[in-house]
Amino acid sequence: MMSGATTKSTTPHCVKMKKDESSFLGKLGGTLVRKKKSKEVSDLHEEGKNAINAPMLPTGTDIHPEDTLLEDNAERVMLDPTSRENLKFKDLLKVLIDWINSELEEDRIIVKDLEEDCYDGQVLQKLFEKLSGRKLNVAEVTQSEIGQKQKLQTVLEAVNELLRPHGWTSEWSVDSIHSKNLVAIVHLLVALAMHFQAPIRLPEHVSVQVVVVKKREGILQTALVSKELTSTTEMMMGRFAERDAFDTLLDHAPDKLNVVKTSLITFVNKHLNKLNLEVTELESQFADGVYLILLMGLLENYFVPLYNFFLTPESFEQKVHNVAFAFELMQDGGLKKPKARPEDVVNLNLKSTLRVLYNLFTNYKNSE
């Protein structure tokens with residue numbers, strides 16, 4: 001057991017202990033709040049009415065008159081109102097908002113509405129700087145439309161320079177972001193979240209319908225087009241994932257996989273056996289994060305207080321919390337931030353789990 005070990009100092013996380021934890025314990029031995037400016041659109045009512053009655057317009061779609069003030073051969077894309085009420089789309093918006101607020105908490109920035117809070121470039125600037133660690137040469141506060149677009153131009157150029165080499169098509173522009181095009185804003189945020197491996201779980205297969213309004217020879221035409229915002233997590237992460245030894249191993253030498261797994265199992269059991277615990281399956285037994293946390297305590301010779309994590313996690317969120325906490329302990333121990341996301345480990349992604357454990361093996365293989 002771990003007598004004489006020091007206690008790891010961590011920020012407490014409230015956890016309710018449950019009755020079924022007793023057996024396990026036995027084994028352990030003990031704002032940007034902005035007001036939307038109103039526009040004068042009285043002179044556009046007639047043109048807007050014509051757009052609403054256009055032959056190609058989907059039934060029930062509401063187009064505001066100001067959305068139809070277009071130059072000839074120009075077009076505007078708007079989210080169809082029915083898609084705005086889609087539950088998966090709403091879930092995606094919430095995940096992105098919570099992620100931004102978590103990242104920008106130190107800047108005291110609170111995002112409540114992606115359209116109203118991201119269009120002027122301020123939030124996008126701060127988010128990109130936080131994620132990339134790169135300071136952009138832009139004015140801190142820009143009230144004028146010209147200043148806002150200049151800031152957006154700088155931010156989006158930096159984003160595109162980062163993402164384009166990975167094959168990501170820019171579904172956003174200065175004009176689309178500044179005109180509060182929610183679909184363009186979401187496309188951009190999803191790309192950033194995927195590239196920087198945000199510790200969030202984006203809902204998969206989210207698509208929306210958008211209304212495309214075009215003006216041809218003075219006549220407005222409309223069409224309904226489907227836009228995919230997210231695919232599967234594996235496909236989205238595949239754009240940015242760096243191929244490593246495990247990719248090669250699984251693709252070209254699967255016969256050697258069992259040898260690697262046996263070596264890792266031997267390594268983790270050497271330490272977990274001190275707590276009368278044993279691992280037989282790497283994919284499933286590390287998926288809730290508990291063994292990862294206990295293993296880190298053993299490797300670094302400290303006891304992790306039980307109130308810092310969920311000893312018998314039940315929900316997906318509780319498991320993600322545990323794995324993310326284990327990742328924090330790894331970084332506290334001087335290890336690099338794991339390439340895998342906590343969600344990938346929880347979802348039984350073998351390569352992600354192998355990468356995490358192999359990193360521990362490399363750093364602690366000589367530990368007693």
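**Figure 1. Lys-94 and Asp-98 are separated by about one helical turn, being 4 residues apart in helix H4 (residues 87-103).** In this predicted model, the side chains of the two residues meet in a salt bridge, with an N to O distance of 2.8 Å. Lys-94 counts as exposed at 51% relative accessibility, whereas Asp-98 is partly exposed, its relative accessible area being 39%. The structure as a whole contains 10 salt bridges.

**Figure 2. A salt bridge joins Lys-135 to Glu-129.** The closest N and O atoms of this pair lie 3.8 Å apart. Lys-135 is exposed, with a relative accessible area of 60%. Glu-129, by contrast, is buried, at a relative accessible area of 11%.

**Figure 3. Lys-227 and Glu-171 meet through their side chains in a salt bridge.** The N to O distance is 3.7 Å. Lys-227 belongs to strand E4 (residues 219-230) and Glu-171 to the loop between H7 and helix H8 (174-178), so the pair ties together parts that are 56 residues apart in sequence. Both partners fall into the partly exposed class: Lys-227 has 27% relative accessibility, and Glu-171 has a relative accessible area of 35%.

**Figure 4. Glu-145, Lys-149 and Asp-175 form a network of salt bridges.** The view shows the three residues that are linked in this network.

**Figure 5. Asn-137 occupies the loop between helix H6 (122-132) and helix H7 (145-163).** This residue is exposed, with a relative accessible area of 75%. Its C-alpha atom is separated by 7.9 Å from that of Thr-154, although the two residues are 17 residues apart along the chain.

**Figure 6. Asn-160 is placed in helix H7.** Asn-160 is buried, as its relative accessible area of 13% is under the 20% limit. Leaving aside residues up to four places away in sequence, Asn-160 touches Pro-165, Ser-170 and Trp-172.

Figure 7. The buried residues of H12 include Leu-257, Leu-264, Ile-265, Phe-267, Val-268 and Leu-272. Lys-261, Asn-269 and His-271 are also among the buried residues of this helix.

Methods: Residues are numbered from 1 along each chain as its sequence is written. This is a predicted model: local features need pLDDT of at least 70, side-chain atom pairs count only at pLDDT 80 or more; totals for chains, interfaces and linings use all residues. Side-chain values use heavy atoms; hydrogens and water are left out. Buried means under 20% relative accessible area, exposed over 50%, partly exposed in between (1.4 Å probe, protein chains only). Helices (H or I, at least four residues) and strands (E, at least two) are DSSP runs, numbered from the N terminus. Contact means heavy atoms within 4.5 Å. A salt bridge is a side-chain nitrogen of Lys or Arg within 4 Å of a carboxyl oxygen of Asp or Glu.
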